[in-house]
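Please look over the sequence and the structure shown below before reading on. The notes that follow take up confidence, a pocket, a salt bridge and a loop, in that order.

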Amino acid sequence: MATTTAHDTSFGTAGKTNGKLANVLTWTVQGLLSALFLFAGAMKFIMPAEEMTKNSPLPLAFLYFIGVCEFLGGLGLVLPGALKIKRGLTPVAAIGLTIIMAGATVISFKMGPAAALFPFVAGALAAIVAYRRWRWLSE
C-alpha cells in the first residue's frame, strides 16, 4: 500500500496546487515578456533611424522587420490564451521570439559577454513559455 507524504506531489491536491502555481508563473513570464517585446518592437519604429543603426551592423529594413516580429510576437504571447482563441499561436510566437533572441545574443556577444546576457535570458524564458504551452498546439 502506497502512502503519500507532504512532499509527494503526484497524488492528492498537492499536485493540483503545484500545477496552478506553474500556470500562474507561466502567465507571469508571458506577461512580462509580452511587455518587453511590445516595447522593443514599438521602439524600433519610434526611435530615429540614424540612432538605431548607429551601433548595429544590421540594415534598417531588417531592424524594422525584427520590430514587427517582436511586436506581433508580444501580442501572440498573451492574446490567444487570454481570449481563448487559437491558443496554439502562443507556443509558435514563443518559438519565433526564441529564434530572434538567439540571433540577438550572437550579435550582442560581439560587444562582450555581459551584453549578451539580457537577450540570452529573454530567449531562455521564451523557450520555457514555448515548452509549457506546447500542449496548446493540439487544441
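Over which residues does pLDDT stay under 50, and how many contacts beyond four places in sequence does the model have for them? The model shown here is a predicted one, and pLDDT stays under 50 over residues 1-12, for which there are 6 contacts beyond four places in sequence.

**Confidence**

- The protein chain has a mean pLDDT of 89, and 88% of its residues reach 70 or more.
- Where pLDDT is low, the predicted coordinates should not be read in detail.
- That caution applies to residues 1-12, where pLDDT stays under 50.

**The largest pocket**

- The volume of the largest pocket is about 870 Å³, and the elements that each give two or more residues to its lining are helix H1 (12-46), helix H2 (49-54), H3, H4 and helix H5 (113-132).
- The lining is made up of 28 residues, and those lying nearest the centre of the pocket are Lys44, Leu63, Glu70, Ala104 and Ser108.
- H4 gives the largest share of this lining, with 7 residues.
- Sorted by class, the lining of the largest pocket holds 21 nonpolar, 4 polar and 3 charged residues.

**The salt bridge**

- Side chains of opposite charge can pair when their charged atoms come close.
- In this model the count comes to 1 salt bridge, in which the side chains of Glu70 and Lys44 meet at 2.9 Å, taken from N to O.
- Because Glu70 lies in helix H3 and Lys44 in helix H1, the pair ties together parts that are 26 residues apart in sequence.
- Glu70 has a relative accessible area of 5%, so this residue is buried, and Lys44 is also buried, with a relative accessible area of 16%; the cut-off for buried is under 20%.
- Both partners of the salt bridge are among the residues that lie nearest the centre of the largest pocket.

**The loop between H3 and H4**

- Lys84 is placed in the loop between helix H3 (60-83) and helix H4 (89-109), and Lys86 is found in that loop as well.
- Although Lys84 is not a glycine, its phi is positive, at about 55°, and Lys86, which is not a glycine either, has a positive phi of about 50°.
- Are these two lysines, Lys84 and Lys86, buried or exposed? Lys84 is exposed, with a relative accessible area of 63%, and Lys86 likewise counts as exposed at 63% relative accessibility, since exposed means over 50%.

Technical notes:
Residues numbered from 1 in each chain as written. Predicted model: local features only at pLDDT ≥ 70, side-chain atom pairs only at ≥ 80, totals over all residues. Heavy atoms only, no water. Helix = DSSP H or I, 4+ residues; strand = E, 2+ residues; numbered from the N terminus. Buried < 20%, exposed > 50% of the residue type's maximum accessible area, 1.4 Å probe, protein only. 1 Å grid on protein atoms, 1.4 Å probe; cavity = no way out; pocket = protein on both sides within 12 Å on 5 of 7 lines; lining within 4 Å. Points joined across faces, edges and corners; volume = space filled by probe spheres on them. Nonpolar A, V, L, I, M, F, W, Y, C, P; charged D, E, K, R; others polar. pLDDT = per-residue confidence, 0-100. Contact = heavy atoms within 4.5 Å. Salt bridge = Lys/Arg side-chain N within 4 Å of Asp/Glu carboxyl O.
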